[in-house]
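Subject: Structure handover and notes

Hi there,

Here is the structure I promised to pass on to you. Have a look at it first, and then read on for my notes.

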Amino acid sequence: MSHLVQITDAFRPQLNPIVLTIDGQQTVAELLDERGFVVGGERQRPFVVAVDGEYLLQQDWDRPDGAGLVTILPLPPHLQGGGGGSNPLRIVLQVAMIYASYQLGGLVGDAMSLWSPVSAGTYAAMATAGAMIVGSMLLNALLPLPGLSTGSQQKAADAYLIGPQGNTARLRDPVPVLYGRRRIYPDLAAAPWTEYSGNEMYLYQLMTLTAGKMQILDPAASIQIEDTPIGNFAEVEWRIIQPGEYFADWPDNVYTAPEVQDLKLPNPDEDQPEIVVGHEGYISQSGSSGSENEPATPDMWSWREVKRRVKFQTTIVVVPQGQQSSRIAIDLSMPRGFGRVENDWVSAVSVGYIVQARAIDGSNNPAGDWINLVPVSGQPASDPTRYGFHSAYPVLSGSTIDPQFRTIEFSVPQGRYEIRVGRTSAESEDQRTMDAVHWVGARSYMAQHGNYGDVTMLAVKIRATQNINNSVARRISVLGTRILPVWDGTSWTEQPTRSIAWAAADAMRNRLYGRGLADKYVNLQELLRLDAVWEGRGDYCDAHITEAMTLWDALTGILACGRAVPIYYAGMIDICRNEPRPLTQMFTPQNMRQDTFAVKYAFRKADDPDFVIVEYTDPVTWTLKEVECALPDSQKLRGSKVAMPWITSRAQAWREGIHKAAMHRYQRQFPAWGTEMEGMIPRFGDRLLAEHDVLNADASGVIESLTGDVLTTSEPMPWRDGVSHEIVLRSRTGSVQGRFAISRIDERSGRVAGLLPKVTDGWSEEPTHYIFGTTERCGVEVVMLSVAPEGRDKFVLSTVNYSDIPHTIEADMTMPPEGTTSGVALENLQLYWLHVDPTLTEELFQLSVNTARGATSYQFEVSEDDGATWTALASSGSTSIVTELPMDAPIKLRARAMGTIPGDWLYWAGTVDSVPPVDYIAPTMTVTVAGGQVADSYKSFRVAITAPALDELVSYNIEENGIVVSSVVLDPGQTFEITRSFQRQPSSVAGEYQDSGLVTFRAYGYDASRRKSAIAEQSYTY
């Protein structure tokens, strides 16, 4: 008995395949005519056909189909041609045949699926049948994009991108690391603080530039506030603090209490108890009157306590936990001015105030009594020679209508403190008197750090003026180059550098923020070689790493700037750059394990990107910019964006982008095979030579003898007339010895031109392997991707096809001028076919059209009056819809593609029929509960169906709540089983669960004519 499998979707063969039993006596032409693919000898649509895996040309359709498997695969328009050096039609058909063979074997569904992960042994068995399909938005097997750091998504993005252009504090984050040359907005190393002097405010900021040393040429120009060099501001002082340098120009460990925000000091309150606010001195009766002509002497003075009823403002902690201070300061402001307005002048006013402090412990509990603080300096005192008395408590005085600010400092014993501030004299009610006082700041000064270790710092002191406000003061940037150890082949020397190589070496060697590896664990010779390559090309890494990341992530990001990746080999970190390499190992079926060879193909899809957009950092504005990298024949319909912010050259970004675009275009085949211990020889990035029947190479085998210049091979050599031939020989180490021209003597012998290396016949050592082919093609070159162990002494090699184009394309093209964009994508909105297919549900039909280039959606409409009026069915982003249609009467359908403008309508006319009536008995369905005790959080069901005895081959579906969860072809009496699990809700009893849903299982069969069986149905709670 023969079978016919008609695949309806080339890339998803498991969707609605048509499986028929045929008598084996018909010709292929008769089958195609019966299925509507050929009418009157003319193809009705593109398709391919195979019998038992052999592809048939139209001239062979008259042969009987035989007692085997006939596979028919209709093709969408974008797969009608081959091109690209491969034959995608063959590969698609092989995929279809793999699926067809598993369909007939009853292995499809939950038990086995072509698209689900399988074991290594299963993969090897499947590989003998043909090929697999893989896909990716952007194929770059050799150069994966850098992975983001661990942690939050935003932190990961900041690590690789520029980050906010402003000075911010990043508490508990690592010290940033600069590589190369870059303008950076440094982080605040300590909380900024302000103080007032001479009624002017000064802002103090300490910022971290980078771990390690940094070269800043001409700091007055390289340091900027916004876009203006810092040297243009007379009100700004700055200083660069080199690693290990002691800094004592101003306090660097200052805490500013956030609770103090413009608090007005209240008037004294008569309800408050009196407290001593200070002392007042006066001249005794026995002394002089204290006139101006007779100054009072000290022995004439007496002292008395001054008491007031003070209403204090809020109490705040001024020394943070874990710290101690001996110096406290407050900021007071008189926002309306300070004085009394007379007729034509401003007279002086005085306001008494008091500042009290109380020691506290680590839990902010009081550890002492309140004490009055005495200002360190700068407080006016009454003149005893003029007024005959002396005040020994704080007083503010002034005579101006301008706002006033005062910073007042106090010395205290070392400790933690809370403070409070109040007035000791009432605010005047006279409108002409301005003596309101506001508490606007409080801070403490802790022990000076001074030395910050191996970090370059920037200290800035800014006097507030109209030129610089608070927001501008947080926009300080620095342009500099990192100083790194550079290796010359014998020793290390520190110097400014943008080198990719020495940035990577620093990440591996640095003990402060890197891995701290010894030199013996780093391939310094390869880094030295690559440094010369990168320097010659003008490839640099200009990175500012601000977030924690793994060493491997950092290395991957640094080396991506130079088209390279890090590789770990036997305790050493090596560097592999994607570049042309000589051939190394050679593999043929003679040193491949049997039935392990497989090839994955990444076929182009309609929505595949056809050009690359590289995001890089502009070296003038230091913002992200884009450059488009398109191959010469690209229509630039869809771009794939690649972020490379550590590149600051448009030319370098374009070179890397065009390289990736060429890799995506020309490296889309992924051969893999099993081997034995020699699989441990190749390394990542090595260029190998391979031959296998699946690759369409001519022949391979071993050399049986060499007599003079005549080689005799173990296998026949398929000589071709009119072309020249070559033979490639493998050395004793498995490497390629060379290519040699060979001329025919007989089927298994040829004369080799040139000097031959040593050839062995296998008696004393392993025989010499060979690959035979034409001069144009003798073996397939691939690039090593990975090796994976598979049992003892067995390995699986994964590779990608080699192509010269990614390495030469940048020299063959010219970078587009800056400002060039893709413009409007070219469109081809023409529809070529409109198919109407019934579904298994009555009155529902599937309408499908071809994919139109540039289309964003598709519109479908129906008419029941011969096109006089039209009713919209759907507007979908997909090329197919499922909809109800009027049945058993002539209708018209039309569809069009929508892009920037609508495409033309494509019409269909005919009558659609309902699903044929039920014609088969239902399969037997048994459902067994496999789990679901009170302590089970999941309930599982084993659903088994058994096919009834039928003459026809019928496909069976299992539905779960109306959704098909498995499809399978069963022979009469054959049983198929799946297991389904459902999550349950916790019950009111701890550790127990309760049924919380209902599931209905349905099973039914259908044949190629869409006739359905009766339905078996069962429902259960879970």
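This is a predicted model: local features need pLDDT of at least 70, side-chain atom pairs count only at pLDDT 80 or more; totals for chains, interfaces and linings use all residues.

**Salt bridges**

Side chains of opposite charge can pair when their charged atoms come close. In this structure there are 44 salt bridges, and here are a few of them.

Take E427 and K264: they form a salt bridge in which the closest N and O atoms are 3.5 Å apart. E427 sits in the loop between β31 (417-423) and β32 (433-434), while K264 belongs to strand β19 (residues 263-264), so this pair ties together parts that are 163 residues apart in sequence. K264 is partly exposed, with a relative accessibility of 40%.

Another pair is E766 and R730, whose side chains meet in a salt bridge at 3.1 Å, N to O. This one also links distant parts of the chain: E766 is in the loop between β51 (749-752) and β52 (769-774), R730 is in strand β49 (residues 725-730), and the two are 36 residues apart. How accessible are the two partners? E766 counts as partly exposed because its relative accessible area is 47%, whereas R730 is buried at 5%.

Within it, the side chains of R537 and D539 meet at 2.8 Å, N to O. R537 is partly exposed, with a relative accessible area of 23%, but D539 is buried, with a relative accessibility of 1%.

**A covered helix**

Which residues of α8 are buried? They are I500, A501, W502, A503, A504, A505, D506, A507 and M508. That makes nine of the 10 residues in helix α8 (residues 500-509), so the helix is mostly covered, buried here meaning under 20% relative accessible area. As for what they pack against, the partners are the strands β9 (177-179), β35 (476-487), β36 (492-496) and β39 (572-577), together with the helices α9 (524-537) and α10 (551-560).

**A charged patch**

On the surface, D23, E30, D33 and E34 gather in a patch of negative charge. One of these, E30, is located in helix α1 (residues 28-34). E30 is partly exposed, its relative accessible area being 42%.

Happy to talk any of this through.

Best wishes

Terms used: Residues are numbered from 1 along each chain as its sequence is written. Side-chain values use heavy atoms; hydrogens and water are left out. Patches are made of residues with over 30% relative accessible area and no salt bridge: like charges are joined within 9 Å, nonpolar side chains (Val, Leu, Ile, Met, Phe, Trp, Tyr) within 5 Å. Accessible areas come from the Shrake-Rupley method with a 1.4 Å probe; for residues, only the protein chains shown count as cover. A salt bridge is a side-chain nitrogen of Lys or Arg within 4 Å of a carboxyl oxygen of Asp or Glu. Lys and Arg count as positive and Asp and Glu as negative; His and the chain ends are not counted. The place of a charge is taken as NZ of Lys, CZ of Arg, CG of Asp or CD of Glu. Helices (H or I, at least four residues) and strands (E, at least two) are DSSP runs, numbered from the N terminus. Buried means under 20% relative accessible area, exposed over 50%, partly exposed in between (1.4 Å probe, protein chains only). Contact means heavy atoms within 4.5 Å.
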